[in-house]
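Trainee: Could we go through the aromatic rings of this protein together, setting each value against its definition?

Mentor: Gladly; let us look at the sequence and the structure.

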Amino acid sequence: MERRAIGAAALGVGAIGLGCMPMSWAYSTSEQSGEESLRTVNAALDRGMTLLDTADMYGPFTNELLIGRVLKERRHDAFVSTKCGLLVGEQHIVANGRPGYVKRACDASLRRLQTDHIDLYQLHRADPEVPIEETWGAMSELVTEGKVRALGFSAVGARADQRARDTASGMHAATIRQLERVQGVFPVSGVQAELAVWSREALDSLLPWCVSHGVGLMAAMPLGNGYLSGTLTPGGGFEEDDVRARHPRFTAEMMAANQPVVAGLRRIAERHDGATPAQVALAWLLAQGTQVIPLPGAKKERWVVENGQAADLELTPADMAELDALPAAQGSWE
């Protein structure tokens with residue numbers, strides 16, 4: 001698979017990564033299987049999808065433990081990205097950016113992942129009670145200590161971005177302000193934010209910022225939490241513990257309203273023998289520039305195989321024009 005670089009250090013990764021969260025958290029528990037997940041991670045590494053994206057909050061903790069079982073045998077094949085800064089309670093999630101906590105969290109992640117270093121350590125969310133420079137400074141000390149190779153940043157939540165847009169500053173203005181602040185403390189190597197064919201806001205400001213600073217943009221939710229794969233049926237419902245069961249964008253009404261996006265992906269897939277809507281959606285992302293690294297989530301081996309093949313799909317200028325003209329998603333994430 002084509003290799004792409006993350007950050008000024010030019011850390012090489014496969015052009016398509018693997019989002020590991022669905023294996024352990026947020027999606028239907030009945031479809032989660034430890035052994036199947038292990039096969040999925042190994043299949044990704046076999047295909048050059050080296051970037052494994054996890055976080056201590058996924059589970060919580062169980063996703064890192066799962067990835068650690070693979071890393072114990074295949075550490076040299078993987079680029080490990082994990083996150084800190086969010087604590088999961090029974091009914092809520094809170095940010096913790098205190099320097100002491102960040103360092104303890106890193107040590108705990110290293111133990112669970114069964115490795116002596118993390119390739120990319122990301123701040124999941126900034127703690128509003130702690131100056132972000134203090135949190136980032138503690139993370140930079142982890143680099144100095146050799147526990148971490150590079151630092152990454154997850155874009156702030158949709159509510160903060162919406163407030164920024166309301167002030168006519170742009171969808172990702174809040175994130176860019178935070179990036180500018182931490183960049184003065186220690187270089188940012190990667191930024192993770194939603195980017196998909198039905199959600200293109202990051203192309204307007206966040207991607208240009210990443211390009212100008214030599215920062216990799218890891219495209220989260222590149223398949224719209226499964227919707228852009230064309231495998232979800234409007235009104236089909238989700239299990240109670242699946243986050244999509246409570247998302248306004250995944251009501252039967254909104255899923256039906258967004259069918260033109262899937263129909264457009266299918267039309268283009270039909271022009272490329274054997275291609276799928278998911279592969280077209282990922283190929284569109286890869287065509288946005290070498291700074292972009294899609295992170296499709298998957299918990300089954302067959303989806304990893306399909307996603308990896310998107311790296312070989314060459315879209316024509318006509319395909320790209322048609323994809324660029326598809327409507328944006330209807331329905332809020334809030």
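Trainee: Why is Phe153 called buried rather than exposed?

Mentor: Buried means under 20% relative accessible area, exposed over 50% and partly exposed in between, with a 1.4 Å probe and protein chains only. Phe153 has a relative accessible area of 1%, so Phe153 is buried. Please keep in mind that this is a predicted model, in which local features need pLDDT of at least 70 and side-chain atom pairs count only at pLDDT 80 or more, while totals for chains, interfaces and linings use all residues. Residues are numbered from 1 along each chain as its sequence is written, and side-chain values use heavy atoms, with hydrogens and water left out.

Trainee: What makes the pair of Trp136 and Phe153 tilted?

Mentor: Rings of Phe, Tyr and Trp (its six-membered ring) pair if their centres lie within 6.5 Å, and planes under 30 degrees apart count as stacked, over 60 as edge-to-face and the rest as tilted. Here the centres are 6.0 Å apart and the planes stand at 55°, so the pair is tilted. Trp136 is buried too, because its relative accessible area is 0%.

Trainee: Why is the pair of Tyr227 and Phe250 called edge-to-face?

Mentor: Their ring centres are 6.4 Å apart and their planes are at 80°, so this pair counts as edge-to-face. Tyr227 is buried at 2% relative accessibility, and Phe250 is buried at 5%.

Trainee: Which residues form one aromatic cluster?

Mentor: Trp198, Tyr227, Phe238 and Phe250 form it.
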